[in-house]
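Work through these exercises with the model open beside you. Try each task before you read its solution.

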Amino acid sequence: MGDSLNKRVTTRVGTNGGIMAGRVLRVFGRSLLKLRPWAELAVGVTFYLFEAFVRVFVMRHPRKDVEGEIALVTGAAAGIGEAVARELGRCGATLVLWDVDRAALGRTAAELRASLGVRVYAYACDCARRSEVYKVADLVKRDVGDVSILVNNAGVVTGKYTFVESPDHLVDRTLKVNAAAHFWTYKAFLPAMLSRNRGHLVCLACHGGMFGINGLADYCASKFAAVGFAESIALELLALKKEGVKTTIVCPYLIDTAMFRGCQTKWPSFLPITDKMNAAKQIVDAILREKAYLLMPYSLYVLVVLKSVLPAKLGIILINFFGGLDLMDQFRGSPMSAVAPRKPLK
């Protein structure tokens, strides 16, 4: 009994300590904005390097409670979208699922309701169509409430084409689903988050948002755009002093889903293909710990640094070494999703 009580007290003290430390870090961070530019730079570099060291080696950021929060995941009928929704549901969040595939979405929603015991709402929506996003968003606000966690996951890939061979309508759809759709979902749900100064925006991109990949010109362009957009919104929130609205950008390498089926890694020990459920756990953990960025696997952090410092020609050799020139050679995944009816139905 005494050991159990001591354990509970120790856990509570540790949790409270983490919360207090987080508050101190936030207050100090805000005070930096009032310093002169050079003083801000010097103090900021020292402080945030120290903070990063503490977060990694001493005290991880505490996980926030999302029970009862309304979490919307786009592209949630299958793949990583379904897995992330499942993990959020296990944390007690109310789930709002969007997908272009009405039949698959219905099956997924029914299975999640039965297995998780949380409220699950499903809406067929083609995120490439701005007017449809706004219409379905209004349905969500009426039926469920204001979304507090928005996970932009829906994505498509044209398949194995050179850029010149890529059909124009597929290129256009790739840009609309993978990039422009983020604009419309943010427009629909961010205002309520701003008014409450509370919420979380998640951009689920790809390593193709940081590195060009042979055979994926339109896909990489769309993912670079999504990452740039999400970074800009994060800075805008900072300038507006809306610190309660958090942002997370996720850039995984290959995940074991149907989207990139057949693609292989030359160096599985350095750039492994991540299991879908393991990837979902890491993504949700990053959301709960309010991480600004998550790269999977961690070797991507090394490659980002190398890309920044190496000469361009040496960088090309490195890309080829790690398989960036022939990644799509064995591609046999899902080249493009079906398009939903124009009239969105619940």
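A residue is called buried under 20% relative accessible area, exposed over 50%, and partly exposed in between. Keep these cut-offs at hand. The model is a predicted one.

**Exercise 1. Classify K241, and say what sets its backbone apart.**

Step 1. Find the residue. K241 sits in the loop between α7 and β6 (245-252).

Step 2. Apply the cut-off. K241 has a relative accessible area of 63%, so K241 is exposed.

Step 3. Look at the backbone. Phi of K241 is near 60 degrees, a positive value in a residue other than glycine.

Step 4. Recall the general rule. Most residues other than glycine have a negative phi, and most peptide bonds are trans.

**Exercise 2. Find the cis peptide bond and place its proline.**

Step 1. Check omega. Between M296 and P297 omega is about -10 degrees, and the bond is cis.

Step 2. P297 belongs to the loop between β7 and α9.

**Exercise 3. Sum up the protein as a whole.**

Step 1. Count the elements. The protein has 10 helices and 7 strands.

Step 2. Check burial. Of its 346 residues, 47% count as buried.

Step 3. Turn to contacts. Take those between residues at least 6 apart in sequence: 73% of them join residues at least 24 apart.

**Exercise 4. Describe strand β4 and its two partners.**

Step 1. Sort the side chains. In β4 (residues 149-152), I149 and V151 point one way. L150 and N152 point the other way. All four are buried.

Step 2. Take one partner. Strand β1 (residues 70-74) runs parallel to β4, and 3 bridges join them. Here A71 has I149 as its bridge partner.

Step 3. Take the other partner. Strand β5 (residues 199-204) also pairs with β4 in the parallel sense, over 4 bridges. In β5, H200 stands opposite I149.

**Exercise 5. Describe the nonpolar cores.**

Step 1. Start with the largest core. This core holds 55 residues. W98, Y123, V140, F189, L201 and F260 touch the most other members.

Step 2. Name the main contributor. Helix α7 (residues 217-239) gives the most to this core, 8 residues.

Step 3. Find the second core. This separate core has 36 residues, including A85, V118, V120 and V250.

**Exercise 6. Which salt bridge joins E290 to a distant part of the chain?**

Step 1. Name the pair. E290 forms a salt bridge with K64, and their closest N and O atoms are 3.5 Å apart.

Step 2. Locate both ends. E290 lies in the loop between α8 (276-288) and β7 (293-296). K64 lies in the loop between α2 (37-58) and β1, and the two residues are 226 residues apart.

Step 3. E290 has 25% relative accessibility, so E290 counts as partly exposed. K64 has 24%, so K64 also counts as partly exposed.

Step 4. Check the backbone of E290. Its phi is near 55 degrees, a positive value in a residue other than glycine.

**Exercise 7. Is H207 buried or exposed, and what does H207 touch?**

Step 1. H207 lies in the loop between β5 and α7.

Step 2. Apply the cut-off. At 7% relative accessibility, H207 is buried.

Step 3. List the neighbors. Leave out residues up to four places away in sequence. H207 then touches I213, C251, P252, Y253, L300 and L327.

**Exercise 8. Describe the nonpolar surface patch.**

Step 1. Name the members. They are Y293, Y298 and Y301, with about 340 Å² of accessible area together.

Step 2. Take one member. Y301 is in helix α9 (residues 299-309). Y301 has a relative accessible area of 32%, so Y301 is partly exposed.

Note on methods:
Residues numbered from 1 in each chain as written. Predicted model: local features only at pLDDT ≥ 70, side-chain atom pairs only at ≥ 80, totals over all residues. Heavy atoms only, no water. Core = buried A, V, L, I, M, F, W, Y, C linked by side-chain atoms within 4.5 Å. Buried < 20%, exposed > 50% of the residue type's maximum accessible area, 1.4 Å probe, protein only. Patch = residues over 30% accessible without salt bridge, like charges linked within 9 Å, V, L, I, M, F, W, Y side chains within 5 Å. Areas by Shrake-Rupley, 256 points an atom, 1.4 Å probe, with all protein chains shown as cover. Salt bridge = Lys/Arg side-chain N within 4 Å of Asp/Glu carboxyl O. Contact = heavy atoms within 4.5 Å. Pairing = 2+ DSSP bridges.
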